Amino acid sequence: MLSAVGYASVQARVRARRSWLLGADAWRDLIDASTLDRTLEVLRTTAYGAATDRGATERVAGAAIGGADAVTRLQRSLRRGLRRETMALAASVPPVAQELLEWLADGALVQDLKLLVRALHHGHPIDLVWPATTLADRDDPTLAGLAQVRSLAGLVAALERTPFGRALADAWDRARQERRPFYLEVALDLAYQRGLVARIEALSGADRSDAVELLGRALARENLIAAGRYRALSGVSPEEVVNFRLHRDFGGGLAMVQRVATGASLRDEAAALGVDLAVLGDDAATLLALERASDRLQREAARARFGRQPFGLGLVLAYLIERRAEAADLVALVEAKAQGLGPDALRARIPREVA
């Protein structure tokens, strides 16, 4: 009962926001549009065409979006809008759930930091990549100070007091010695995913069950996909595959990672996570099929959650998953339009029902 009271105010907001998501007819019009410019014109007629409140969809299809930078501008705007919306919803849920939602919002921060790592490694001024991040939206003085960083060493030092500080410090010596920012990116991903596991485990009751179903299962599949990819990389040893992956993941965990590192079948490991892959092929094909299946399964779990008990964290998580999926599909759509792909090819790329 206390959980229902705690989520009463956010329930109506989530359902209202869900009604703003694009329907099958809107997707049909976007896909059938003859050119990229026409696609963006159609997008302007939807909820993505103009800002509503600060926590809702921001302008992503305005006149400034067009031409070669349409994909970049759209992706940046969608990421910023999703982060702000997640933070707005986090403010309306009980404290432990709030910590999880705020951590989900910081998934954008991980991508921002990886972008800064790559820019600094290649000698590009941060000023050039800063506008492409969500960092400009943040009031935290520590993060705002990153705009003044001029080296990878400076970035690692500037992040010392953040949740990513220790992981980056541990990875820094090797990244510096081998001149490979890859190790810093691995450290960021692992620190974020470990934080996600911890915040899911801190929940209780139905909230925890929903978080495991909606986020934890997908995380386990992601852990398998990443282990398979690391195994395929030249110069990555089995020991490193194990070190680079989660050992607790709401799935096979450490034992699964160890098996993959020493050559286990990715198809068998996927089956152990409930994913039967019909596609035959090498590991690259298997990983691609698993990635698509995992995305589909998470979308299906989110959709199913709206048919059950109306209160709880699960409803918020389900909406955010659908919102993120729509953002990913919009970016894929615009990328494909920029390449000149036709409607039939687009329908094969967009994993949703289209009228």
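This is a predicted model: local features need pLDDT of at least 70, side-chain atom pairs count only at pLDDT 80 or more; totals for chains, interfaces and linings use all residues.

User: Fine. How many salt bridges are there?

Analyst: The count comes to 27 salt bridges.

User: Let us take Arg 138. Which side chain does it meet in a salt bridge?

Analyst: The side chain of Arg 138 meets that of Asp 106, with an N to O distance of 3.0 Å. This pair links distant parts of the chain, the two residues being 32 residues apart. Arg 138 lies in the loop between helix H7 (126–129) and helix H8 (141–144), while Asp 106 lies in the loop between helix H5 (95–105) and helix H6 (107–121).

User: And is Arg 138 buried or exposed?

Analyst: Arg 138 is buried, because its relative accessible area is 9%, and buried means under 20%.

User: What about Glu 178 and Arg 174: how far apart are they in helix H10?

Analyst: They are four residues apart in helix H10 (residues 165–178), which means a separation of about one helical turn.

User: How accessible are Glu 178 and Arg 174?

Analyst: Glu 178 has 37% relative accessibility and counts as partly exposed. Arg 174 is also partly exposed, at 31%.

User: Which residue pairs with Arg 217?

Analyst: Arg 217 forms a salt bridge with Glu 213, at 3.9 Å from N to O. Both residues belong to helix H12 (residues 205–232), where they are four residues apart, about one turn of the helix. Arg 217 is partly exposed, with a relative accessible area of 37%, and Glu 213 is partly exposed at 39%.

User: Which residues are linked in a network of salt bridges?

Analyst: Such a network links Asp 295, Arg 299, Asp 329 and Arg 352.

User: Changing topic: how many cavities of 30 Å³ or more are there?

Analyst: There are two cavities of 30 Å³ or more. The second largest cavity holds about 40 Å³ of space.

User: What lines that second largest cavity?

Analyst: Its lining consists of Arg 174, Arg 180, Phe 182, Tyr 183, Ser 234, Gly 235, Val 236, Glu 240 and Phe 244. By class, the lining has four nonpolar, two polar and three charged residues.

User: Now Val 129. Where is it found?

Analyst: Val 129 is found in helix H7, and at 15% relative accessibility it counts as buried. Leaving aside neighbours within four places in sequence, Val 129 is in contact with Leu 115, Leu 116 and Ala 119. The C-alpha atoms of Val 129 and Arg 118 are separated by 10.0 Å, the two residues being 11 residues apart along the chain.

User: Last one: which residues of helix H3 are buried?

Analyst: In helix H3 (residues 36–44), Leu 36, Thr 39, Leu 40, Val 42 and Leu 43 are buried. Seen down the axis of H3, these buried residues fall within an arc of 155°, so they line one face of the helix.

User: What do the buried residues of H3 pack against?

Analyst: They pack against helix H2 (24–32), helix H4 (70–90) and helix H17 (313–338).

Notes:
Residues are numbered from 1 along each chain as its sequence is written. Side-chain values use heavy atoms; hydrogens and water are left out. A salt bridge is a side-chain nitrogen of Lys or Arg within 4 Å of a carboxyl oxygen of Asp or Glu. Buried means under 20% relative accessible area, exposed over 50%, partly exposed in between (1.4 Å probe, protein chains only). On a 1 Å grid over the protein atoms alone, a cavity is a set of points where a 1.4 Å probe fits but cannot get out, and a pocket is an open set with protein on both sides within 12 Å along at least five of seven lines; lining residues have an atom within 4 Å of a point. Grid points are joined across faces, edges and corners, and a volume is the space filled by probe spheres set on the points. Ala, Val, Leu, Ile, Met, Phe, Trp, Tyr, Cys and Pro count as nonpolar, Asp, Glu, Lys and Arg as charged, and the others, Gly among them, as polar. Contact means heavy atoms within 4.5 Å. The arc is that of the directions from the helix axis to the C-beta atoms.
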